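Hi,

Here is the structure I promised to pass on. Have a look at it first, and then read my notes below.

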Amino acid sequence: MAVNLVNVENVSKVYGTRALLDGVSLGVSEGDRIGVVGRNGDGKTTLIRMLAKLEEADTGRITHSGGLRLGVLTQHDSLDPKATIRHEVIGVMADHEWAGSAKIRDVLTGLFGGLDLPGFEQGLDTVIGPLSGGERRRIALAKLLIDDQDLLVLDEPTNHLDVEGIAWLAKHLQERRSALVCVTHDRWFLDQVCTRMWDVQRGDVHEYEGGYSDYVFARAERERRAATEETKRQNLMRKELAWLRRGAPARTSKPRYRIEAANELIADVPPPRDTSELMKFANARLGKTVFDLEDVTVTAGPKELLKHLTWQLGPGDRIGLVGVNGAGKTSLLRALADAAVTQGETQPAAGSVTVGKTVRLAYLSQDVTELPGSLRVLEAVQQIRDRVDLGKGREMTAGQLCEQFGFTKEKQWTPVGDLSGGERRRLQLLRLLMDEPNVLFLDEPTNDLDIETLTQLEDLLDGWPGSMVVISHDRFFIERTTDKTLALLGDKTLRMLPRGIDEYLERRRKMIEAAVPTPAAAAAPQKPGVSAADARAAKKELQKVERQLDKVSDKEAKLHAKIADNATDFELVAKLDAELRELVGEREELEMRWLELAEDA
């Protein structure tokens, strides 16, 4: 029987006049892997902070089992800005100790791309203070995952990770024995990692068995049975279920949900997109030419990111763009956007970009455009226009589109200055769509958006006629909204991936396996002039030295224990201390030999 780790009994939490949680009772047991979902502001983070005893409940009780080893990743780290990455993540471990640990090597490679931490100028000796929030967050996550815990509580662990990092983290958490409670908007990640779901809604928490796909089906079924009046939300859930069953049925892995029931529930739901119909409409709006690139070179300062690129973005193309950080995804979109603004007069460093005469581009960058804080939400949208044509005879007023993006009638009169980061992101995208573009560039559009808003955005984009390029680390969003996947693998080329993100991850895995050195080689660069045979011999001896070091360390630990146990026997302590000094000398010699061999290896 699984041991209960955390009990939440009749807990309530009120902010101002709003009850975030009202009489909630839950439990976390050994082996539980729980995903927490819900709208922004409904209390997901508050719930897990109280679960971890970082925040007190107003009423009710939260108890932890005795000796619970708890690891928590919050949205704000507590790293020492004056410390180095080595100090925070590795601690006082010697190079041969951490390099010999498979777990530490896996964490460093998975989160940073290699043991030498490529991307950090000083590697492990980089000082934390000047680093970006995303870099600090990866360091905090690495520090957490290197330790052993009974329960991990993670708040948005996939933020600032690329597609590879998210895939690695999912696999790592699958293999850990720790129980898990995780808040994230990454639906692919939830499907891979979680076996239960908590849905935080209006002060209550609804529990579901299974991952995200199972949750979608169960919630849609529950709402159907309850004959809820929230028709719009119900239809969105059913539409997403239809995509999950038709587009990627393998996602729904729990046999307890009858496939027949799912098929019956979605029998009258059309496919998410009528691709051929949208293509016809896009051709009518855009003509034959959108963007034609001929032998293009894209640079960022002195760095050459893409070279000899010949590519065409056609009418109605829906492209998902993935790639390694720094490979040039955003730079490529910026180069195209600059050419579009000047109708082809602004050109890249080399080659040419031809822009279609009818192109009306909307570019959602990662930077949120600042609007006057006193401006109301509806006024900010109406500044662009009052009504928008969504194609195929669909037209919406500014107010209707606001509601589709989660701005209720009351919220539409909220000053922009009072909006959260996610709400400002939604408003920025809404203003772009109101301008009736026929080409969309979306650079990380899912940042700060909750799952419900993501489903609404996907629903809107399903029927949007035009050309679209999406950069996102949200694998689910890319698969849901685009038809083709292109990748920048860091080799200055753009590649078509017929099998999508799975193929991207396979290619990257092979590249990393070919490039990542052994732990010994990673600790020091190879000496010039060392033959392959000498390097192999050095590696062999290196392994022997590492085994000797382990034995010496064990002997040292036993001697320290003996000295502590016999502290009053001065004669014996003196004898043990002499043995200890000999061992320390032996260890230092072995460590020097290890460093010499590491250079040759």
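Let's start with a quick one: is Lys575 buried or exposed? Lys575 is exposed, because its relative accessible area is 56%, and the cut-off for exposed is over 50%. Before you go further, keep in mind that this is a predicted model.

**Charged patches**

Together with Lys544, Arg547, Lys551, Lys555, Lys558 and Lys562, Lys575 forms a positive surface patch. Helix 20, which covers residues 532-565, gives the largest share of that patch, with 6 residues. Lys575 itself sits in helix 21, running over residues 570-600.

There's a negative surface patch to find as well, made by Glu579, Glu582, Glu586, Glu588 and Glu589.

**Aromatic pairs**

Now for the rings. How many aromatic pairs does a search of the whole structure find? The search turns up 6 of them. Take Tyr212 and Tyr215: their ring centres are 5.7 Å apart and their planes meet at 50 degrees, so this pair is tilted. To be called edge-to-face, the planes would have to be over 60 degrees apart. Both tyrosines belong to helix 8 (residues 212-225), and they are 3 residues apart, about one turn of the helix. Tyr212 is buried, at 1% relative accessibility, and Tyr215 is buried too, at 3%.

Tyr363 and Phe441 make an edge-to-face pair, with 6.1 Å centre to centre and 80 degrees between the planes. Where do these two sit? Tyr363 is in strand 14 (residues 361-364) and Phe441 is in strand 17 (residues 439-443), so the pair ties together parts that are 78 residues apart in sequence.

One last thing to look for: which residues do ring pairs link into a cluster? They are Tyr208, Tyr212, Tyr215 and Phe476. You already know Tyr212 and Tyr215 as the tilted pair, so that's a handy place to start looking.

Conventions:
Residues numbered from 1 in each chain as written. Predicted model: local features only at pLDDT ≥ 70, side-chain atom pairs only at ≥ 80, totals over all residues. Heavy atoms only, no water. Patch = residues over 30% accessible without salt bridge, like charges linked within 9 Å, V, L, I, M, F, W, Y side chains within 5 Å. Areas by Shrake-Rupley, 256 points an atom, 1.4 Å probe, with all protein chains shown as cover. Salt bridge = Lys/Arg side-chain N within 4 Å of Asp/Glu carboxyl O. Lys, Arg positive; Asp, Glu negative; His and termini not counted. Charge placed at Lys NZ, Arg CZ, Asp CG, Glu CD. Helix = DSSP H or I, 4+ residues; strand = E, 2+ residues; numbered from the N terminus. Buried < 20%, exposed > 50% of the residue type's maximum accessible area, 1.4 Å probe, protein only. Phe/Tyr/Trp six-rings, centres within 6.5 Å; stacked < 30°, edge-to-face > 60°.
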